[in-house]
Amino acid sequence: MEPLPEVSHATERESWSPPFEGSEVRSDRTDVRTGGAETSRCGPVGDLKWRMDVAYHRVEPGRHICFTETLWEGEILLTVAQSTFEISTASEGCRLRLTDQVASYIGREGIDGHKAGYARALKNLAAMLVPA
């Protein structure tokens, strides 16, 4: 199973991955492959104050992505996450399983923000893939 183009390309991911209402994501550098890396910025529209640096450890298109992500505000490290997306076929399309471990250097706020951001992004992705 090949990945859907709208999920795989940086410009399309920018449309579904904003972590909260009134926010935006911009990819500065994208190389989604085993050994690749990505740098993106996000925040409220017009104030992209957070930088995300991603290292892709294993990528099997349409099946598996494992990466680490650091979230920065200026020179301050906010969170580090280890994430794995596993995609498998299901009776009505596909199933996505996310395994996510997060270390926060700003307390509970970092964990809650990470969780809420991923929940919002995945909800946006599902809405894009399964039109109402």
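Good morning. The model I am presenting is predicted.

That pair belongs to the contact between S4 and S5, which run antiparallel and share ten bridges. The two strands make a hairpin with two residues between them, and in its turn Gly74 has a positive phi of about 65°.

Let me move to the neighbouring pairing. S3 and S4 are likewise antiparallel, and ten bridges join them. Within this pairing, Asp53 stands opposite Thr70 of S4. The hairpin of S3 and S4 has three residues between the strands, and here Gly62 adopts a positive phi near 75°.

On to S2 and S3. Strand S2, residues 37-44, pairs with strand S3, residues 50-60, through six bridges in the antiparallel sense. Ala37 has Ala55 in S3 as its bridge partner.

How are the strands arranged as a whole? Six of them form an open sheet in the order S1-S2-S3-S4-S5-S6, with antiparallel pairing. Strand S1 (23-30) and strand S6 (93-104) are the edges, each pairing on one side only. From one strand to the next, the twist averages 25°. Helix H3, residues 108-129, packs on this sheet, where the helix touches strand S4 (64-73), strand S5 (76-90) and S6; the direction of H3 makes about 165° with that of S6.

Finally, a word on confidence. The protein chain has a mean pLDDT of 87, with 92% of its residues at 70 or more. Over residues 1-6, however, the pLDDT is below 50; this stretch has 18 contacts in the model beyond near neighbours in sequence. Thank you.

Methods:
Residues numbered from 1 in each chain as written. Predicted model: local features only at pLDDT ≥ 70, side-chain atom pairs only at ≥ 80, totals over all residues. Heavy atoms only, no water. Pairing = 2+ DSSP bridges. Helix = DSSP H or I, 4+ residues; strand = E, 2+ residues; numbered from the N terminus. Axes fitted to C-alpha atoms, helices over the stretch in contact; angles between N-to-C directions. Contact = heavy atoms within 4.5 Å. pLDDT = per-residue confidence, 0-100.
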